[in-house]
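Could you walk me through the open spaces in this structure, one selection at a time? I have it loaded in my viewer and am ready to click along.

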Amino acid sequence: MTKKLIVCLSLVALLALGGQAFAEICSQDNVPAASLLLPYFEVDLDNAGGVTTLFSINNASANSVLAHVTLWSDESVPTLDFDIYLSGYDVQTINIRDIFNGTLPRTAATNSVSNRGALSGPHIAFPGCAASLPYTNPALSSVLLTHIREAHTGGLSPVYGRCAGFDFGDNIARGYITVDSVNACNLEFPSAPGYFIAGGQGIANNNNVLWGDYFYVNSEENFAQGETLVHLEACDNPSVGQGGDDCPFIAGDYTFYGRYVAASAADGREPLSTMFATRYLNGGAFDGGTDLIVWRDSKTVANTGHSCSGEASWFP
């Protein structure tokens, strides 16, 4: 994949973020954040012209940053992770179909791969990245490729030896994606010990510098629909887990990654809302009812899936 110019929508969003982007923990506002959530994606694996999902990861800082992307099945099982290097005010756009074809974004701390703009700071050599970035495509082995295709369509994963997603029988890959600002290149899932350490001292940091959008695209039906990624701000101070005006979280509080840090609040990420409202259609010319696709916290750690003879116990 090659770097693309920021599309008009992303440019408008960037201008909206500039100047007056103030963090307010526990308020679901679209300001730069330490983590991003793409709550749902679809990729039709049988039809190259069918539905796919695109998303962007943007750097709101003049300094280079490192973003760690994790794919999760619709049953909250992590399946694949990789790193993206972003120079100052950089943007990386990703077609998730490319990932399911074995291709990962090519980024690195060099102008020949990730160009540094006139307003960007110098390239930063993050630990561990020299040995891994840029990826050589196809970056995924045949085993890993089969693994993610099966895991996200409800089939048997050759890596886990178990199932990781719901089988809808249509060979459409489904799941969600998280993106975290991190301190070093790594191959760890957010559920790994040491990924989150209080104050952003683990693999992940608490730098609120990421923002982005996502789009569902179906070229055969001439359809596209977009939305802003969910922005999850972190307490950007070393007192996380101790409470305080800047970081209200203490052990036992509900945080976004709380299920992976034993509810210690070490991740420092604000939780999602527990109350919401939506418009719906009922009667008249539109009598088909209203369907919602809702992301929800599994409240469990399911790192290797479940027996293919049934479904995850928590799954609706």
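Start at the second largest pocket, which holds about 410 Å³ of space. This is a predicted model, where local features need pLDDT of at least 70, side-chain atom pairs count only at pLDDT 80 or more, and totals for chains, interfaces and linings use all residues. Residues are numbered from 1 along each chain as its sequence is written, and side-chain values use heavy atoms, with hydrogens and water left out.

A pocket here is an open set of points on a 1 Å grid over the protein atoms alone, where a 1.4 Å probe fits, with protein on both sides within 12 Å along at least five of seven lines; lining residues have an atom within 4 Å of a point. Its volume is the space filled by probe spheres set on the points, which are joined across faces, edges and corners.

Select Y40, D74, I293, V294 and F315: of the 16 lining residues, these are the closest to the centre of the second largest pocket. Next, colour β1 and β6 (172-182), the elements that each give two or more residues to this lining; strands are DSSP runs of E, at least two residues, numbered from the N terminus. β6 gives the most, with three.

Now move to the largest pocket, with a volume of about 1,400 Å³. Of its 35 lining residues, pick P39, Y214, I293, V294 and W295, the closest to its centre. Then show β1 (35-44), β8 (213-218), β9 (223-228) and β10 (230-232), which each supply at least two lining residues. Which strand gives the most to this lining? It is β9, with five residues.

Key:
Helix = DSSP H or I, 4+ residues; strand = E, 2+ residues; numbered from the N terminus.
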